[in-house]
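I opened my notebook today to look at how parts of a protein chain meet. Come along and keep the picture open while you read.

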Amino acid sequence: MTVEQRKESWKREEEIARIHGWDFSHIHGRYTEEDDLPWDFGKIIQKYRNDSMKLMDMETGGGEFLLTFRHPYENTAAIEGYPPNVELCKKVLLPLGIAFKAADGGDKLPFSDQSFDIVTNRHGDYDAAELQRVLKSEGLFLTQQVGAENDRELVELLLPQLTEVPYPKQYLDVKKAELLEHGFEILESGEVRRPIRFFDVGALVWFARIIEWEFPGFSVESCFEHLLEAQKRIERDGLLEGSIHRFYIVAKKISAPIDISDF
């Protein structure tokens, strides 16, 4: 394949980079990530969840992960703020009887005080004060988050001029301290870095366009020389490797904030 043919192929990946819900099937088999976390967030949720609980899933995407809980629909609520996913949730979740509302996790939540026994959040924004407000006494907050250093090797390869991470507070210790300050007890937590591997540059192009908050300003045209370097590495090593950064927290709302100086 000539250089120009590669460029056209990568531009086609760039043009079709769209996503509904959180569906990465377009690049299945062309990349791998997050296959061996030392915890299973779905199983952690099931350990704490029971059918009688009022549950709310934040930043639910298209509801794909939420529906795996098999939580009674009449006891389930969800929010999502990304417009294409909002429309998908209206089509998928509302007919089931799930109380879906369009909202961003970091904003004021569209629910009354002490509405929920348990709030789940997988890779979404949240405001600790709002969690304190909408959770019942001893209510649970369970979150798995993308850390500040996620995909940094790939970002530095494609966009070496970017020296600042987009979410510098996304570290386990920082987020635990924030929850403690807002009246939560930490029940369990963990943090890890694991490989992410790409087997063709086209998959990386599609990924970088989808994860635009990590790769701001990326395009095939402006980053073409760096994409050629990625191609050389794949031809040499059979893959291009970076690392993902993940952490999780299970927290319980308590009656009053505790003094974090004790920790």
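**Entry 1: before I start**

I noted that this is a predicted model.

I looked up helix α8, residues 201-210, and helix α9, residues 224-237. Their axes come within 10 Å and cross at roughly 135°. That angle makes α8 oblique to α9, because only angles over 145 degrees would count as roughly antiparallel. I also wrote down the handedness: α8 passes α9 in a right-handed crossing.

Which residues meet here? On the α8 side I found V201, L204 and V205. On the α9 side their partners are L227, A230, Q231 and I234. I sorted the residues of this contact by type and got six nonpolar, one polar and no charged.

**Entry 2: counting salt bridges**

Next I turned to charged side chains. Side chains of opposite charge can pair when their charged atoms come close. How many salt bridges does a search of the whole structure find? It finds 19, and I picked some to follow up.

**Entry 3: D113 and R133**

The side chains of D113 and R133 meet in a salt bridge, with 2.9 Å from N to O. I checked where each one sits: D113 is in the loop between β4 (99-102) and β5 (116-122), while R133 belongs to helix α5, residues 128-134. The pair therefore ties together parts that are 20 residues apart in sequence. Is R133 buried or exposed? Its relative accessible area is 17%, so R133 is buried.

**Entry 4: K175 and E178**

This pair lies within one helix, α7, residues 172-181. The closest N and O atoms of the K175–E178 salt bridge are 3.3 Å apart. K175 and E178 are three residues apart, which means about one helical turn separates them. I compared how open the two partners are: K175 is buried, with a relative accessible area of 9%, whereas E178 is partly exposed at 24%.

**Entry 5: R236 and D237**

Back in the list I found R236 and D237, whose side chains meet in a salt bridge at 2.9 Å, N to O. R236 counts as exposed, at 60% relative accessibility. D237 has 44% and counts as partly exposed.

How values were computed. Residues numbered from 1 in each chain as written. Predicted model: local features only at pLDDT ≥ 70, side-chain atom pairs only at ≥ 80, totals over all residues. Heavy atoms only, no water. Axes fitted to C-alpha atoms, helices over the stretch in contact; angles between N-to-C directions. Helix = DSSP H or I, 4+ residues; strand = E, 2+ residues; numbered from the N terminus. Parallel < 35°, antiparallel > 145°, perpendicular 65-115°, else oblique. Left-handed = near helix turned anticlockwise from the far one by under 90°. Contact = heavy atoms within 4.5 Å. Nonpolar A, V, L, I, M, F, W, Y, C, P; charged D, E, K, R; others polar. Salt bridge = Lys/Arg side-chain N within 4 Å of Asp/Glu carboxyl O. Buried < 20%, exposed > 50% of the residue type's maximum accessible area, 1.4 Å probe, protein only.
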